[in-house]
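Dear colleague,

Please find the structure below, handed over for your own work. My findings follow directly after it.

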Amino acid sequence: MRLRNRIFSTYLVVSFVLVAVVGALLYRAAIDAARVGFEDRLATTVQILAVELGRTSTPAEESELDVYIDALARAAAARVTIVAPDGHVAADSEFDGPELAALDNHNSRAEVIAARRLGTGESTRYSRSLGTDLVYRANTIDAGPWAGSVARVAIPRTRIQAAQSNARRRLLGALALALALAGVTGALWARRLSLPIKGLKEAAEQVRDGQLEARVDIRTGDEIEELAQALDGARNQLASRIQNANSERDQLEAVLDGMVEGVMVTDANGTIVIANPALRTLFGLESPAVGHTVIAAIRQPAVAAIMEETAARNTVMSREITITYPMDRIIALYATKLSTGGAAGVFHDVTALKRTDAVRRDFVANVSHELQTPLATLSAHAESLAGADLKSSQAKESLAAIQRQVGRLSALVADLLELSRIESDGFEPVWTAVDVNALVNDLASEWEPRAGESVQGLTVESEPELVVAGDRRLLRQAVVNLLENAIKYAGEAAHIRLIARRVNGDAQIEVADTGRGIPIEDQSRLFERFYRVEKGRARVAGGTGLGLSIVKHVAEVHGGSVVVESTPGAGAKFVITIPTSQTGPKPGESS
Ligand SMILES: Nc1ncnc2c1ncn2[C@@H]1O[C@H](COP(=O)(O)OP(=O)(O)OP(=O)(O)O)[C@@H](O)[C@H]1O
Ligand SMILES: [Mg+2]
């Protein structure tokens, strides 16, 4: 039911009940008033009549009296009867002559009996003389020629009833008018109350439909006006929030449109919600991918899998994928889980970078390879010269210098070749079950003497039954490189610890020393090729800066990683982590 109708019907019901109660009370009062009015009039009339008839000038003759009574009755608009002391009717306004004489004795009439006893009496009954119900009122006449007689006045009861029904009609008319007025004022009132609420409803609908400029114009001066103002306030807030959100979205869109990298954002259902132009170009998409699943839009199962896995696991993922459509490309994909349950991916075209890298790798590999033979020849000749009996001490010194530098060059070429080999696309490690415990214990006993010469000593801590799937030679090489570094750079006062342990199901090999440590600013670049901290010292120590690069590659070939922790002046710690579940390199896995 509409509010307006509800207010109206409530108002109407209340008005009706009020009118009914008041009407019922008034009805009784009006009916009584009409009757009492008549009775009073009758009493007054009969009193006046009795006084009038008590005058000495009243005709003493019955025939004259009857004429006189007829005149008085017309004036009083009532039937007038004079009952003589013996009960016979001396005069009557309704009867004349023989009819009058034929009337029976009236002393038995109730009003007459009462009048004779109390001076006045009344009665209501059927008049056989007139054939109708009459209301009678009688008074005794106290003086004049008719002293001792009774004067009686009567009017038909229908006149009282007519007056009563007249009063009733007027009352009902007034009540009906009151009800009609209540109806009209109720309708106006309901309209007045419901109009502002209708206005509010329309305003709320406008907000729902996104019309945020309009204002609610309600001036009722009450809570409804306050509500309208609150609604306006809320609408303003909403408008400014939407404006902010829009400008933020525009900014974001501008940034995304201007980016060289492809950007894709998915929601919790795996549906694409953002795909920038660079992404569409990268994957040769004709339609905006938004609204589709990753596989439907991009048609690259690897991309779909990475985005899904990122969203499912709370991780950051970084992979390289190769695509053939619309062109052969290598793409680096960095994906992050979002708090919305979806994932965000950044796609970077690294094809050119990879090509340059490949060219560099090939070049280094070729040069190193080509250097091997002349180096071997040089080394052989130096060897044979050393066997010869050199006379001059200068020649001996020169030969020693040649041998030293040939040794360094050979070590460098060996390192470069090792690195090239591990880096090359076709490289396949020799997978076996490697007993890490045995590996570190062997190395420790092998390196103990050298450690004893250069540093304070080498201790080993290891867990039994620590086995990983890996390439034994490569793992050994990595640990050797770390031990070599510690011995070379930690300083004489340092102590070295070689530790193998299991952490969260992965195997960890740690080489820690208590030496001089590594400056913070160098730590992030330590694993780059040819990077050395103190160039001079490293060169004197014979380092080329390839050792840690090889360690890093070995760790990655095993699906693991290597990290450095060092506080300058308080030692350095290198930790290689190898997943024990690893059975071979993960396809597409990269740094
Ligand atoms: N335990 C360590 N304490 C202090 N500095 C270190 C330690 N390990 C490595 N470094 C520093 O890191 C640099 C890089 O080491 P890396 O093993 O890669 O090269 P290198 O030892 O100089 O040469 P290479 O190992 O190829 O013979 C070293 O030159 C050295 O300055
Ligand atoms: Mg080294």
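Just after helix α4, G119 takes a positive phi of about 95°; helices here are DSSP runs of H or I of at least four residues, and strands are E runs of at least two, numbered from the N terminus. This is a predicted model, in which local features need pLDDT of at least 70 and side-chain atom pairs count only at pLDDT 80 or more, while totals for chains, interfaces and linings use all residues. Residues are numbered from 1 along each chain as its sequence is written, chains are lettered from A and ligands numbered from 1 in the order in which they are written, and side-chain values use heavy atoms, with hydrogens and water left out.

Helix α4 itself spans residues 110-118, and its buried residues (under 20% relative accessible area, 1.4 Å probe, protein chains only) are E111, V112, A114 and A115. Because these residues fall within an arc of 165° seen down the axis of α4 (from the directions of the C-beta atoms), they line one face of the helix. They pack against β1 (79-83), β3 (120-127), β4 (132-140) and β5 (150-156), where contact means heavy atoms within 4.5 Å.

Yours sincerely

Methods: Buried < 20%, exposed > 50% of the residue type's maximum accessible area, 1.4 Å probe, protein only.
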